[in-house]
Amino acid sequence: MITMDDIIREGHPTLREVAKEVDLPLSEEDIELGKRMQEFLKNSQDPELAEKYQLRGGVGLAAPQLNISKRIIAIEIPSQSEENPEPLLSTVMYNPKILSHSVQQAALEEGEGCLSVDRPVPGYVVRNARITVSYYDMNGEQHKIRLKHYMAIVVQHEIDHINGIMFYDHINKENPNYAPEDVIFIQ
Ligand SMILES: CNC(=O)c1cccc(C)c1Nc1nc(N2CCN(c3ccccc3Cl)CC2)nc(N2CSC[C@H]2C(=O)NC)n1
Ligand code: NI
């Protein structure tokens, strides 16, 4: 199983590379990697397993964070309500691509954290509020989905990783708490 020891930290050159597209049809290896990335996220959200294996909680993970420079990201966003246990978004995206996005922007009110960054970096990470993403799933099916707010932010954070971009690259140097007038703040 993937643990924090497998996750490379800022300063490692792979985090600044543009990752390579994966070949289709997907190889067994790439399918297995996707499954392991998703399993890590689920484990990281389980209080007992996170404690037992000292995992930091995450809702997204990109292959470059495992020192694998491939365009693969895993997203596991748990349900926010007790009634509906279904996760908000649970998928592995191969060769994800943002096809279009809103002019409207959004930012997490509390700033962003990253499993490859072992320090808090305060400031607003201003991103597109809504995006249309195409990707292949682990069965090789192509999808085109529209995401907004928290889900859109998480997917943009992970797609940044396969392009060698870190969340703090987006934080305004002069004023980390800068955000456009009409930004949507996400709790
Ligand atoms: C510096 N301030 C902060 O970190 C920060 C501080 C407060 C609130 C937010 C909202 C913050 N921000 C932030 N919190 C998260 N989590 C909250 C905890 N959660 C989680 C943890 C444990 C079990 C289950 C779960 Cl669900 C996992 C997800 N995740 C991200 N990001 C940025 S986009 C990719 C995503 C990611 O997975 N990062 C590792 N940012
Ligand atoms: Ni990250």
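This is a predicted model: local features need pLDDT of at least 70, side-chain atom pairs count only at pLDDT 80 or more; totals for chains, interfaces and linings use all residues.
Q: How many residues surround ligand 1, and which are the closest?
A: Ligand 1 is surrounded by 16 residues. The closest are Val59, Glu110, Gly111, Glu112 and Gly113.

Q: How does that shell divide into nonpolar, polar and charged residues?
A: Seven residues of the shell are polar, six are nonpolar and three are charged.

Q: And which helix gives the largest share of the shell?
A: That is helix 3, residues 149-162, which contributes three residues.

Q: What lies 2.9 Å from a nitrogen atom of ligand 1?
A: A backbone N or O atom of Gly111 is at that distance from the nitrogen. For Glu110, a backbone N or O atom lies 3.0 Å from a nitrogen atom of the ligand.

Q: How much of the ligand's accessible area does the protein cover?
A: On its own, ligand 1 has 800 Å² of accessible area, and the protein covers 67% of that.

Q: Changing topic: which residue does UniProt list for "active site"?
A: The UniProt entry, which is unreviewed, lists Glu158. In this model, Glu158 lies in helix 3.

Q: Is Glu158 buried or exposed, and why?
A: Glu158 counts as buried because its relative accessibility is 4%, and buried means under 20%.

Q: Which residues is Glu158 in contact with, leaving aside neighbours within four places in sequence?
A: Glu158 is in contact with Gly60, Leu61, Ala62, Gln65, Ile73 and Ile75.

Terms used:
Residues are numbered from 1 along each chain as its sequence is written. Chains are lettered from A and ligands numbered from 1 in the order in which they are written. Side-chain values use heavy atoms; hydrogens and water are left out. A residue is near a molecule or strand if one of its heavy atoms lies within 4 Å of it. A polar contact is a pair of N or O atoms within 3.5 Å; within protein, one must be able to donate a hydrogen and the other to accept it, and residues adjacent in sequence count only if both atoms are side-chain atoms. Accessible areas come from the Shrake-Rupley method with a 1.4 Å probe; for residues, only the protein chains shown count as cover. Helices (H or I, at least four residues) and strands (E, at least two) are DSSP runs, numbered from the N terminus. Ala, Val, Leu, Ile, Met, Phe, Trp, Tyr, Cys and Pro count as nonpolar, Asp, Glu, Lys and Arg as charged, and the others, Gly among them, as polar. UniProt positions are given in the numbering used here, feature names are shortened, and annotations may be inferred rather than shown by experiment. Buried means under 20% relative accessible area, exposed over 50%, partly exposed in between (1.4 Å probe, protein chains only). Contact means heavy atoms within 4.5 Å.
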